[in-house]
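Subject: Structure for you to look at

Hello,

Here is the structure I promised to pass on. Please open it, then read my notes below.

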Amino acid sequence: MRSMTRYVDEDLRGAEFRECDLTGARLIGVVMQDAVIDGLVTNLVVNGVEVTGYVEAELDRRHPVRVLIRSEDPADLREASRQLHAAWAATIERIRATPGIERRSVNDEWSAAQTMRHLVFVHDSWFRRCCLGSTELFTPMGIGTTVEPYRGAHGLDPALDPPLDEIVSVREAQAAELEAWLDDVTVEQLAARAPVPDDDVWPPYARGRSVRQCLGTVLNETFEHHRFCVRDLDLIEAQDAE
C-alpha cells in the first residue's frame, strides 16, 4: 500500500491544492473556515454526513441545464447545447462591454480568452475526433494538453495570441457544427462506440467510450468553463469597483 503523507499539528492556513488527487484524504479534528472546494467531488462526508447529494441537488437547482446534459434523450441534449450557446453569447457581450477584460486572470486561472481557446480544443478533440472520427489537425489557436507524446500531434500553435473576435468566430462555427449534428443524431448513434481514430492524438482514454459519453464531455466542459469564466469576471469587476 502506498504510504500516505500525514500532516499533524501543521498550520496550513492559506494553502492551495491545485490539480491534486485527494481521493481517500482524511481531515480529522481540523478547523476549516472560509474554505473553497472546487472540483470532481463524490462521497464527501462532513461531520458524519454525506453531503455530495445535497451539493449536486443545489447545483441542479441553480443550473437546470445540468439535468439536460445528463439526459439520454437527443431532444434534451439539443436543448442543453442551445442553452449553453446562449449563456456563452451573453457572457461574450458582457466581455465586450469592458475591452481588455478577456485577457485578465485572477488566482492563476485562465483568462476568458484562454478559456474559450481551451473550448476550441475540447470541440476538436472530444467532438470532431471522438464523435465524428476526424483525423484532421486541430484548430491552431486551441489550448490543450501539454502531456507528451500528445503535445506535438495536434497542430496547435502556442505562439498564437488571437483577438477576441477571431476566437468568437471559431467558437460560433464550432457551435453551429455541433448543433447541426445534434439535429440529426439518434439514440442508437449516441449509444454506439465512439469512432476514435487509432493514433497518438488526444484524448487516448476516450477509446472504448460511447459517442454519448464523449458528447457529455463536450457539454460538461462547455458548462463548467462558462461557470469558471463568470466566476472570475465577477471577481475582476469586484476588484475594479473597490
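**Two packed helices**

Helix α4 (residues 112-129) packs against helix α5 (residues 164-184) at an angle of about 30 degrees, and their axes are 10 Å apart. Angles under 35 degrees count as roughly parallel, so α4 is roughly parallel to α5. Their crossing is left-handed. Keep in mind that this is a predicted model.

**Salt bridges**

Side chains of opposite charge can pair when their charged atoms come close. The count here is 24 salt bridges.

- Asp38 pairs with Arg227, with the closest N and O atoms 3.3 Å apart. Asp38 sits in the segment before β1 and Arg227 in helix α7 (residues 211-241), so this bridge ties together parts 189 residues apart in sequence. Asp38 is partly exposed at 41% relative accessible area. Arg227 is partly exposed too, at 26%.
- Arg66 pairs with Glu56; their closest N and O atoms are 2.6 Å apart. Arg66 lies in helix α2 (residues 65-69) and Glu56 in helix α1 (residues 52-62). Arg66 is buried at 10%, while Glu56 is partly exposed at 31%.
- Arg70 pairs with Asp60, at 2.8 Å between the closest N and O atoms. Arg70 is partly exposed at 46%, but Asp60 is buried at 16%.

Asp38 and Arg227 also belong to a network of salt bridges, whose members include Glu16, Arg18 and Glu109.

**A nonpolar patch**

Which residues form a nonpolar patch on the surface? They are Tyr7, Leu12, Phe17 and Leu22, with about 450 Å² of accessible area together. Tyr7 lies in the segment before β1 (45-46). Its relative accessibility is 53%, so Tyr7 counts as exposed.

Best wishes

Technical notes. Residues numbered from 1 in each chain as written. Predicted model: local features only at pLDDT ≥ 70, side-chain atom pairs only at ≥ 80, totals over all residues. Heavy atoms only, no water. Patch = residues over 30% accessible without salt bridge, like charges linked within 9 Å, V, L, I, M, F, W, Y side chains within 5 Å. Areas by Shrake-Rupley, 256 points an atom, 1.4 Å probe, with all protein chains shown as cover. Salt bridge = Lys/Arg side-chain N within 4 Å of Asp/Glu carboxyl O. Helix = DSSP H or I, 4+ residues; strand = E, 2+ residues; numbered from the N terminus. Buried < 20%, exposed > 50% of the residue type's maximum accessible area, 1.4 Å probe, protein only. Axes fitted to C-alpha atoms, helices over the stretch in contact; angles between N-to-C directions. Parallel < 35°, antiparallel > 145°, perpendicular 65-115°, else oblique. Left-handed = near helix turned anticlockwise from the far one by under 90°.
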